[in-house]
Each structure stands twice: as structure tokens, then as C-alpha cells.
Amino acid sequence: LKKKNNTKIVHANLGKSAIVGAILKKLTNIKKLVFTQHFISPASTSLANSSVKRYIAKFLYRHVYSKYDRIIAISTDVADKIMERKESSSKKIEIIYNGIPAVAQKIIENKKSASVLVICRLQKEKNIYGLLNIMAAIKSDCDFNMKILGSGKEEQSLLDLSKNLKLDNHIEFCGHVEDTAKYYNKASFLVHPAKNEPFGLV
């Protein structure tokens, strides 16, 4: 592909493609490498199930990032963490926020029942488990309905937990949704419970 298109610049997204890009630069005459970091930290460095694997992953990413001419961070938090881990210098990092379509604003009328919106991948790092337990603890004190938009590996487990916590009448799992504008407009507020979040699209 590189020979066919005479590629001079490679832009990589996410960890595995970053490694491939670094290898390509070493083996070919590609002039510039650009990488976009979407997460506070690569999943392999924060979620690896052993300290040895985390150490290896961190060492590998630091070496890979050193081969890149420019690193795009999607928020100041992401940029700060890259520098904190000493993966790159501030001179190489550019902050470019994710582009999103404008959402028409709508004034929400006061309601006795709060309409809660959650939008995220259903993965452990998004902490939906913690949110469900909190909602279960307060359901007797306040009236609410919650819509959870998104899909992922933890979807069935979260559905089971919701049922076990007797939240069926309060929470609706809507799956993956492309057009979220109408949900934003109808919500009283948005809850984003992730413990490790780069403040990206949502």
C-alpha cells in the first residue's frame, strides 16, 4: 500500500495502529507520523491484569510515541497524562477537540420525575455498575427514569444487575444509537460516571 500510493504521512489512531506506524517509519521512507490519543491512558497500560504486563505496555508505548512527529490529544486532560507519563513533550502535542454537530437547545420544564441520560460504551471503565448501585440506593427517595445509550461487552451483565436491583421500572437500555440529539433534548440532565475519562464526544 505504501509503495502503491507513495505515502509520506501516516496518521494512526489507537494503540495497535500506533505500533504499526512506528514499524512502517523504520522500514520505509515515510516522512511524518501523526498519532491521535483518544483515552486518558491506553487500555493495555491501565487494565492489564498484572503489574508485569502494565510495565511492558507502558515501556512499549513510551518507545512508540518517541517515533511520532506529532501527537494529537482530544482534550487537555489527555495531553496532561501523556506528559505525566513522559511519553512525549509538550512541543509535539497538539490539542484538537472532537468535532460534534450542533444540538438544538430546548428549555426543560420542571418535572416531578427526573429524566436521566447516560451515553457511553458499556465497558467496565465507564463505571455503569457503580451508577446502578447508586440509583438503587436513592430510588425510594426520588422519582426518576434513566435511559442508557450504548453497547458493549458488559451489556448483559448490566441488564442482569439492573433486574437484580429492581430498577426495571426506572431504567431503559436503548443499545447503540446514532442520532442522540432527541435524547439530549428530553433529558433533565446527563450523568457520566466514568472514573477514567478524556472528555471526548459525549
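In the predicted model, residues 24 or more positions apart account for 70% of the protein's contacts with a separation of 6 or more. The secondary structure comprises 8 helices and 8 strands. Of the 202 residues in the protein, 36% are buried. The accessible surface amounts to about 13,000 Å², and carbon and sulfur atoms contribute 56% of that area.

Strands of a sheet pair through backbone hydrogen bonds, in either a parallel or an antiparallel sense. In this protein, an open sheet of 4 strands has the order β7-β6-β5-β8, and its pairing is parallel. Strands β7 (171-175) and β8 (189-190) form the edges, each pairing on one side only. Strand β6, which covers residues 144-149, is joined to β7 by 4 bridges in the parallel sense. Within this pairing, M146 has I171 of β7 as its bridge partner. Helix α6 (residues 128-138) packs on the sheet and touches β5 (114-119), β6 and β7. The direction of helix α6 makes about 170° with that of β6.

E172 forms a salt bridge with K147, and the closest N and O atoms are 2.6 Å apart. Because E172 belongs to strand β7 and K147 to strand β6, the pair ties together parts that are 25 residues apart in sequence. Both residues fall between the limits for buried (under 20%) and exposed (over 50%): E172 is partly exposed, with a relative accessible area of 39%, and K147 is partly exposed at 28%.

Parallel pairing is also found between strands β1 (residues 9-13) and β2, which are joined by 5 bridges. N13 has T36 in β2 as its bridge partner.

Side chains of opposite charge can pair when their charged atoms come close. The structure holds 6 salt bridges, including the link between E172 and K147. Another of the salt bridges joins E94 to R70, with 2.9 Å between the closest N and O atoms. E94 lies in strand β4 (residues 93-95) and R70 in strand β3 (residues 70-73), so this pair connects parts that are 24 residues apart in sequence. The relative accessible area is 34% for E94, which is partly exposed, and 33% for R70, which is also partly exposed. A further salt bridge is formed by R121 and E125, whose closest N and O atoms are 3.5 Å apart. R121 counts as partly exposed at 34% relative accessibility, and E125 counts as partly exposed at 26%.

The surface also carries a nonpolar patch of about 500 Å², made by V52, Y55, I56 and F59. Of these residues, I56 lies in helix α4, which covers residues 51-65. With a relative accessibility of 51%, I56 counts as exposed, because the class begins over 50%.

Technical notes
Residues are numbered from 1 along each chain as its sequence is written. This is a predicted model: local features need pLDDT of at least 70, side-chain atom pairs count only at pLDDT 80 or more; totals for chains, interfaces and linings use all residues. Side-chain values use heavy atoms; hydrogens and water are left out. Two strands pair if DSSP finds at least two bridges between them. Helices (H or I, at least four residues) and strands (E, at least two) are DSSP runs, numbered from the N terminus. Contact means heavy atoms within 4.5 Å. Axes are lines fitted to C-alpha atoms, for helices over the stretch in contact, and angles run from 0 to 180 degrees between N-to-C directions. A salt bridge is a side-chain nitrogen of Lys or Arg within 4 Å of a carboxyl oxygen of Asp or Glu. Buried means under 20% relative accessible area, exposed over 50%, partly exposed in between (1.4 Å probe, protein chains only). Patches are made of residues with over 30% relative accessible area and no salt bridge: like charges are joined within 9 Å, nonpolar side chains (Val, Leu, Ile, Met, Phe, Trp, Tyr) within 5 Å. Accessible areas come from the Shrake-Rupley method with a 1.4 Å probe; for residues, only the protein chains shown count as cover.
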